[in-house]
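Hi,

Here is the structure I promised to pass on. Have a look at it first, and then read my notes below.

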Amino acid sequence: MPIYEYKCRSCGHEFERLVLGDDPGACPACGQRDLDRQWSLFAVDSEGTRQMHLKKARVAARKVQRDKAHAEHEMIHHHHH
C-alpha cells in the first residue's frame, strides 16, 4: 500500500496519505479535494532535491525559532506588567 505526499491547491497544506485505489480523499486541513501529488524524496533523489528540502527545513526551523522568541518576549513582558 503506497504512501503518497500531497499538497492542497486550495490552502497549501502538505501531507502524506496511505492511498488505497486512486482516490486520495480530501485535504485534512480544509476538506477540499483539489490535491496535487508531490514527488517524494524516495522517488527522486538528486542534489537539487536535497538542497530544496534542506532549504525548506531551514525556513521551517527559523519560523519555529521566531515563534519561540516571540512567545518568550510576550511572557517576560506580561510577567513584568
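How many bridges join strand 1 to strand 3? There are 4 of them, and strand 1 (residues 3–8) and strand 3 run antiparallel. Before I go on, two notes on where the values come from. This is a predicted model, where local features need pLDDT of at least 70 and side-chain atom pairs count only at pLDDT 80 or more, while totals for chains, interfaces and linings use all residues. Residues are numbered from 1 along each chain as its sequence is written, and side-chain values use heavy atoms, with hydrogens and water left out.

**The overall layout**

The chain has 1 helix and 3 strands, and from the N terminus on the order is β-β-β-α. Both kinds of element are DSSP runs numbered from the N terminus: helices are H or I with at least four residues, strands are E with at least two. The chain has 81 residues, of which 12% count as buried. For that word, the cut-offs are: buried is under 20% relative accessible area, exposed is over 50%, and partly exposed is in between (1.4 Å probe, protein chains only).

The accessible surface of the chain comes to about 6900 Å², and carbon and sulfur atoms own 56% of that. Such areas come from the Shrake-Rupley method with a 1.4 Å probe, and for residues only the protein chains shown count as cover. Among the contacts in the chain with a separation of 6 or more, 32% are between residues 24 or more positions apart; a contact here means heavy atoms within 4.5 Å.

**The sheet**

Now back to the strands. Strands of a sheet pair through backbone hydrogen bonds, either parallel or antiparallel. Here the 3 strands make an open sheet in the order 2-1-3, with antiparallel pairing. Two strands count as paired if DSSP finds at least two bridges between them. Strand 2 (14–18) and strand 3 (35–38) are the edge strands, each pairing on one side only. On average, neighbouring strands of this sheet are turned by 40° against each other, direction ignored. (The axes behind that value are lines fitted to C-alpha atoms, for helices over the stretch in contact, and angles run from 0 to 180 degrees between N-to-C directions.)

Strand 1 and strand 2 form a hairpin with 5 residues between them, and Gly12 in the turn has a positive phi of about 85°.

**The aromatic rings**

Which residues form one aromatic cluster? They are Tyr4, Tyr6 and Phe15. The structure holds 2 aromatic pairs. Tyr4 and Tyr6 form an edge-to-face pair, 6.4 Å centre to centre with 70° between the planes. Tyr6 and Phe15 have ring centres 5.9 Å apart and planes at 25°, so that pair is stacked. The rule is that rings of Phe, Tyr and Trp (its six-membered ring) pair if their centres lie within 6.5 Å; planes under 30 degrees apart count as stacked, over 60 as edge-to-face, and the rest as tilted.

Is Tyr6 buried or exposed? Tyr6 is buried, because its relative accessible area is 6%. Phe15 is buried as well, while Tyr4, at 25%, counts as partly exposed.

**The salt bridges**

Side chains of opposite charge can pair when their charged atoms come close. A search of the whole structure finds 5 salt bridges, each being a side-chain nitrogen of Lys or Arg within 4 Å of a carboxyl oxygen of Asp or Glu.

Start with Arg9. The side chains of Arg9 and Asp34 meet at 2.8 Å, N to O. Asp34 counts as partly exposed, at 36% relative accessibility. Arg9 also forms a salt bridge with Asp36, with the closest N and O atoms 3.3 Å apart. Asp36 lies in strand 3, 27 residues apart from Arg9.

Lys56 and Glu14 make another salt bridge, at 2.9 Å, N to O. It ties helix 1 (residues 47–80), where Lys56 sits, to strand 2, where Glu14 sits, 42 residues apart.

Cheers
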